[in-house]
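Trainee: I am new to this structure. Can you take me through it?
Mentor: Gladly. Have a look, then ask away.

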Amino acid sequence: MAHTPDMALLADRVAAVRFHMALAAAQAGRRPDEIKLCAACKSRSSEEVRLSAGLEIDLFGENRMQELAAHMADGAYLGKPCHFIGHLQTNKVRRVVGQAAIIESVSSIRLLSAIAAEARKQGIVQDILFEINIGEEDSKMGASAEALWPMMDDAASLPSVRLRGLMAIPPAFDNSPESRRWFAMMRALFEKARARHPGSAHLDTLSMGMTGSYIAAIEEGATLIRVGTGIYGERS
Ligand SMILES: *Cc1c(COP(=O)(O)O)cnc(C)c1O
């Protein structure tokens, strides 16, 4: 079914998200420009992505390499960066390395090594985040908090990757106290990682919070929120 995106509706939704972002930042005594808005555009058409790109969105987040390739080929991002936020198989890294400004979903040493090898082959340095399964849920991707330390040591020894921070999809999807508790745990882990590698100014990204939870995430220290339905509406 061809679906015509409604520009006025998109603009209203993005403005509403920005308004709530600024409010949450103020509530936490943070500057609004410390927090970036990533539009999670899985399953959206290139037309929808292009329309949203003209709005106050900092970057895009893709879950599937096919959609990343299609949106990229269509010029839908209007030059804005794109992050890879979905599950990435080691045999598919070739299509994502060098295309995504940051690969946010690195959750194993195996995947880290595959990304590093591909980046080396391309002669680039690939920015990455480590995805942490903070709720230790069987259903979710992501490394355990303890696995972070050996992964950080590995990343530090690989010149073709640069660790920029952490990403998480915690068990709660709202702005409840439970949600805050998971975000606070991520914040603590992020601070610990930064303290462990002093002088790593590039460790600057804590990606957490979605449509239902970004207010709590910002109040607990997110520097990047990933919003899908809050911008584009329900996925069909
Ligand atoms: C889809 C998705 C989001 C956005 O979810 P919404 O609830 O639609 O805002 C954020 N992060 C990841 C990894 C996603 O897959």
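Mentor: One note before we start. This is a predicted model, where local features need pLDDT of at least 70, side-chain atom pairs count only at pLDDT 80 or more, and totals for chains, interfaces and linings use all residues. Residues are numbered from 1 along each chain as its sequence is written, and side-chain values use heavy atoms, with hydrogens and water left out.

Trainee: Which residues surround the ligand?
Mentor: A residue is near a molecule if one of its heavy atoms lies within 4 Å of it. By that rule, the ligand is surrounded by Ala40, Lys42, Asn63, Ile85, Ile169, Met210, Thr211, Arg226, Val227, Gly228, Thr229 and Arg235.

Trainee: How do the residues of that shell divide into nonpolar, polar and charged?
Mentor: Ala, Val, Leu, Ile, Met, Phe, Trp, Tyr, Cys and Pro count as nonpolar, Asp, Glu, Lys and Arg as charged, and the others, Gly among them, as polar. The shell around the ligand then gives 5 nonpolar, 4 polar and 3 charged.

Trainee: Which residue has a polar side-chain atom 2.4 Å from an oxygen atom of the ligand?
Mentor: Look for a polar contact, a pair of N or O atoms within 3.5 Å; within protein, one must be able to donate a hydrogen and the other to accept it, and residues adjacent in sequence count only if both atoms are side-chain atoms. Arginine 226 puts a side-chain N or O atom 2.8 Å from a nitrogen atom of the ligand. Glycine 228 uses a backbone N or O atom, 2.8 Å from a ligand oxygen. The side-chain atom at 2.4 Å from a ligand oxygen belongs to threonine 211.

Trainee: What share of the ligand's area does the protein bury?
Mentor: Accessible areas come from the Shrake-Rupley method with a 1.4 Å probe; for residues, only the protein chains shown count as cover. Taken alone, the ligand exposes 380 Å². Of that, the protein buries 89%.

Trainee: Which way do the residues of strand β8 point, and are they buried or exposed?
Mentor: Helices (H or I, at least four residues) and strands (E, at least two) are DSSP runs, numbered from the N terminus. In a regular strand the side chains alternate between the two faces of the sheet. In β8 (residues 224–227), Leu224 and Arg226 point one way and Ile225 and Val227 the other. Buried means under 20% relative accessible area, exposed over 50%, partly exposed in between (1.4 Å probe, protein chains only), and these four residues are all buried.

Trainee: Which residue stands opposite valine 227 of β8?
Mentor: Two strands pair if DSSP finds at least two bridges between them. Strand β1 (residues 36–40) and β8 pair in the parallel sense over 4 bridges. Opposite valine 227 stands alanine 39.

Trainee: In β2, what is the bridge partner of cysteine 38?
Mentor: Strands β1 and β2 run parallel, joined by 3 bridges. Both faces of β2 (residues 59–62) are covered, with Leu59 and Gly61 on one side, Phe60 and Glu62 on the other, and all buried. The partner of cysteine 38 is leucine 59.

Trainee: Why does arginine 164 count as buried?
Mentor: Arginine 164 is found in strand β6 (residues 161–168). Contact means heavy atoms within 4.5 Å. Not counting residues up to four places away in sequence, arginine 164 touches residues including Ile102, Asp127, His202 and Asp204. Arginine 164 counts as buried because its relative accessibility is 15%.

Trainee: Is leucine 112 buried or exposed?
Mentor: Leucine 112 lies in helix α4 (residues 109–122). Beyond four places in sequence, leucine 112 touches residues including Val106, Phe130, Met151 and Leu158. At 1% relative accessibility, leucine 112 is buried.

Trainee: And lysine 121, buried or exposed?
Mentor: Lysine 121 lies in helix α4. Its relative accessible area is 67%, so lysine 121 is exposed.

Trainee: Where is serine 43 found?
Mentor: Phi of serine 43 is near 70 degrees, a positive value in a residue other than glycine. Serine 43 counts as partly exposed because its relative accessibility is 44%. Its place is the loop between β1 and α2 (46–53).

Trainee: Which backbone oxygen does the side chain of serine 179 reach?
Mentor: Serine 179 is found in helix α6 (residues 177–196). It is buried, with a relative accessible area of 1%. Leaving aside neighbours within four places in sequence, serine 179 is in contact with Ala172, Phe173, Asp174 and Ser213. At 2.5 Å, its side chain reaches the backbone oxygen of aspartate 174.
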